[in-house]
Amino acid sequence: FIDGYVLATTGKGIFQYADVNAPTTWSALSFATAMRNPDIIKALKVFNRQIFLIGQISTEIWENDGVTPFAPTPGGFLEYGTLSPYSVVSTSNSIYWLDHNRHVVAFKNGQVEMISNPYDKEISAFTTVSDCLAYRMEVRGRPVIVFQFPSEERTLVYDIVENSWSEWGYWVTGANEYTAYLGRSYCYSPEWGLHLVGSRNDSKIYFMKSDYHLDE
């Protein structure tokens with residue numbers, strides 16, 4: 001969503017937009033094409049009032065020019081695509097995703113930085129990364145990005161402040177081994193003061209506290 005427009009990908013190299021302030025009205029002519037390096041748009045993200053069209057091998061950045069209504073941003077082309085459309089997540093000053101070479105990258109201050117060096121070797125060996133999904137959460141007031149790899153049963157976590165990585169797991173007592181972190185989704189309720197986590201196993205919703213050390 002940007003400036004009253006709802007945006008949507010089509011599974012091709014174009015994106016569509018609803019009429020301004022009319023999210024249920026879609027014209028057949030209301031679309032735009034990623035044209036600088038024709039690519040299938042895998043993910044779409046609005047960040048700092050710019051539209052990131054993340055394709056298979058490249059990314060185009062567009063903006064509302066007030067006329068067409070959308071046009072490519074000057075210089076807005078990145079040679080970083082993605083295999084994992086649900087790995088794209090943003091914070092107040094950066095946007096992160098797993099790129100088409102299996103590196104986690106961060107776009108900030110107009111530059112792309114590869115940040116996953118500690119785990120690049122392991123990620124490159126994963127059989128499947130297309131189902132990777134990411135979300136932002138806070139742990140003791142510190143923002144982190146959680147990258148889930150469901151097929152691999154691995155959960156890699158990036159600490160934004162420390163620029164460091166760790167791995168979270170869920171201990172299975174009967175098997176005496178770790179599997180992926182139990183959470184699959186997250187949100188924070190300011191009114192309740194609770195960090196809520198949706199389970200990957202069932203319909204349960206948990207809440208996190210720093211003095212809890214068991215998943216129960």
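Mentor: Start at F149. The bridge partner of F149 is R154, in strand 14. Strand 13 (residues 142–149) and strand 14 (residues 154–159) pair in the antiparallel sense, over 6 bridges. Two strands count as paired if DSSP finds at least two bridges between them. Strands are DSSP runs of E with at least two residues, helices are runs of H or I with at least four residues, and both are numbered from the N terminus. In general, strands of a sheet pair through backbone hydrogen bonds, either parallel or antiparallel.

A word on the source. This is a predicted model, where local features need pLDDT of at least 70, side-chain atom pairs count only at pLDDT 80 or more, and totals for chains, interfaces and linings use all residues. Residues are numbered from 1 along each chain as its sequence is written, and side-chain values use heavy atoms, with hydrogens and water left out.

Now widen the view. The open sheet has 5 strands, in the order 12-13-14-15-16, with antiparallel pairing. Strand 12 (133–139) and strand 16 (177–180) stand at the edges; each has a single partner strand, so one side of each lacks a neighbour in the sheet. From one strand to the next, the twist averages 40 degrees. Such angles run from 0 to 180 degrees between N-to-C directions, with axes as lines fitted to C-alpha atoms, for helices over the stretch in contact.

Back to R154, this time its side chain. R154 forms a salt bridge with E122, with the closest N and O atoms 2.4 Å apart. A salt bridge here is a side-chain nitrogen of Lys or Arg within 4 Å of a carboxyl oxygen of Asp or Glu. This pair links distant parts of the chain: R154 lies in strand 14 and E122 in helix 1 (residues 120–125), 32 residues apart. E122 is partly exposed, at 33% relative accessible area. The cut-offs are under 20% for buried, over 50% for exposed, and partly exposed in between (1.4 Å probe, protein chains only).

R154 also meets E167 in a salt bridge (2.5 Å, N to O). E167 sits in strand 15 (residues 164–172), 13 residues from R154. Shared partners join E122, R154 and E167 into one network. E167 is partly exposed too, at 35% relative accessibility.

One more pair belongs here. The side chains of R142 and D159 form a salt bridge (3.4 Å, N to O). R142 is in strand 13 and D159 in strand 14, 17 residues apart. D159 is buried at 15% relative accessibility, whereas R142 is partly exposed at 29%.
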